[in-house]
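Me: I have a model open and would like to check the words used to describe it. Could you go through them with me?

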Amino acid sequence: MSKLLEDLKYRDLVYQQTDEEGIKELLEKESVSIYCGTDPTGNSLHIGHLLPFLTLKRFQQHGHKPVILVGGGTGIIGDPSGRSEERQLQSLEVIEDNARRLEAQLRNIFRGDDNIEFVNNIDWLGKLSMIEFLRDYGKLVNINYLLAKDSVASRLDNGLSFTEFSYTILQGIDYAYLNEHHNVKLQIGGSDQWGNITTGLEIMRKLRGDVEAYGFTIPLMLKSDGTKFGKSTGGAVWLDPEQTTPYEFYQFWFNTADTEVVPALKKFTFLEKEQIEALRESSEKEPHLRLAQKALAEEMVKIVHGEKALESALNITKALFSGNIKELTHDELKAAVKGMPKSELEKKEYNIVDFLVESNLVQSKRQAREDVNNGAVYVNGDKVTDLEYVVEGKDRLEDGFTVLRRGKKKYLLVEYK
């Protein structure tokens, strides 16, 4: 077995292969073009999209060439797999803008290596007329074959438009085109893409007979409760740093459960087996240190956002833990307060006890006085123990907000009208 396949199996990244022996022989060649794609139906990928592309990067590290498809054509249609309802169609302008953003996010993940190619299927699907589609491709795919696919069958009861019904044929055309014109020999994707991948192989077989092409899927990453990995209590965890800051991204991974951290290290990071096993041992023997979670969070921020973003995320984490938030830069401060619970007050002077109650950090003046006396109240990181303390202009960071902290972890952002 090749070192690459051995590593993929250790990381539990092998789910389905159309021809295991054929893929093994293919990967023993010096360099093979391998494709993975995504549709620009949104302006950012989220971490549920990450695994196939990080797996593609593993192939790249073993000398193979990634071909990344951003589906400006199929994105107009919408993939029915994994959905219970029809996708809301978007304008061509929105799709084009989304495609540019997604490509930038993916280029960042694959930064530092020129052995990569980006393609957009609008370049060939956009030239295909309805008559050509029906004549050249529609005849190749039997309706019963499509109805047997999970992505189609699961939608039949609720209804499925002909538009989305046609999606798998369009993606099959993509693979056939890339095989013929870009010498792509292998398509990889999540296990929910198996039907689309095999449709591509079926189209190629009927168009050109015996071609060298294979399919490979990765298990969907699920949490221990069976739900999809990648969702936080606030929704998706985005790769766009404007939607999910590197600090929030760091915190998401740092908060991975003990039972899920080693599988995440194996699947998502590029740490060596020996490093992961050492972290597994630490997680089992000294879970309170959270060394595995720290390593996971650091690696993921580096992979997606880079070293500078990691440095900033660590600065924010340290400042919030120590209370020294005044040491943060303007951008770091904005990132630090982005996810905090918020309260809004008039821009005036407040006695500290009134301030705590009116901001709803505490429910009574008795509790507020007790917290101040116990040294549990911090204004912008500074401990306040004086019951006569007045919160005023000097306590408004950038003249717009005040950060309250109660105890070690309870933060509140007070904004002013």
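**Values against definitions**

Reply: Happy to. Let me begin with N380, which is buried, because its relative accessible area is 2% and buried means under 20%, with exposed over 50% and partly exposed in between (1.4 Å probe, protein chains only). This is a predicted model, in which local features need pLDDT of at least 70 and side-chain atom pairs count only at pLDDT 80 or more, while totals for chains, interfaces and linings use all residues. Residues are numbered from 1 along each chain as its sequence is written, and side-chain values use heavy atoms, leaving out hydrogens and water.

Me: Where is N380 placed, and what is its phi?

Reply: N380 is in the loop between β11 (377-379) and β12 (382-383). Helices (H or I, at least four residues) and strands (E, at least two) are DSSP runs, numbered from the N terminus. The phi of N380 is positive, about 50°, although N380 is not a glycine.

Me: What makes the pair D12 and K266 a salt bridge?

Reply: The term asks for a side-chain nitrogen of Lys or Arg within 4 Å of a carboxyl oxygen of Asp or Glu. The side chains of D12 and K266 meet at 3.4 Å, N to O, so the pair qualifies.

Me: How many salt bridges does the rule find across the interface of domain 1 and domain 2?

Reply: One. The rule also finds 16 residue pairs in polar contact across this interface, both residues at pLDDT 80 or more. A polar contact is a pair of N or O atoms within 3.5 Å; within protein, one must be able to donate a hydrogen and the other to accept it, and residues adjacent in sequence count only if both atoms are side-chain atoms.

Me: Which elements give two or more residues to the side of domain 1 that touches domain 2?

Reply: They are α3 (50-61) and α4 (92-109). The largest share, six residues, comes from α3.

Me: What is meant by about 2000 Å² for domain 1 and domain 2?

Reply: That is the area they bury between them, 59% of it on carbon and sulfur atoms. Buried area is the accessible area (1.4 Å probe) that two parts lose on being put together, summed over both. Y10, R11 and I47 supply 34% of the area that domain 1 buries against domain 2, more than any other three residues. As for contact (heavy atoms within 4.5 Å), 20 residues of domain 1 meet 26 residues of domain 2.

Me: Why is G306 called buried?

Reply: Its relative accessible area is 9%, which is under the 20% cut-off, so G306 counts as buried. G306 sits in the loop between α15 (291-305) and α16 (307-322). Not counting residues up to four places away in sequence, G306 touches R111 and V301. The C-alpha atoms of G306 and N108 are separated by 8.2 Å, although the two are 198 residues apart along the chain.
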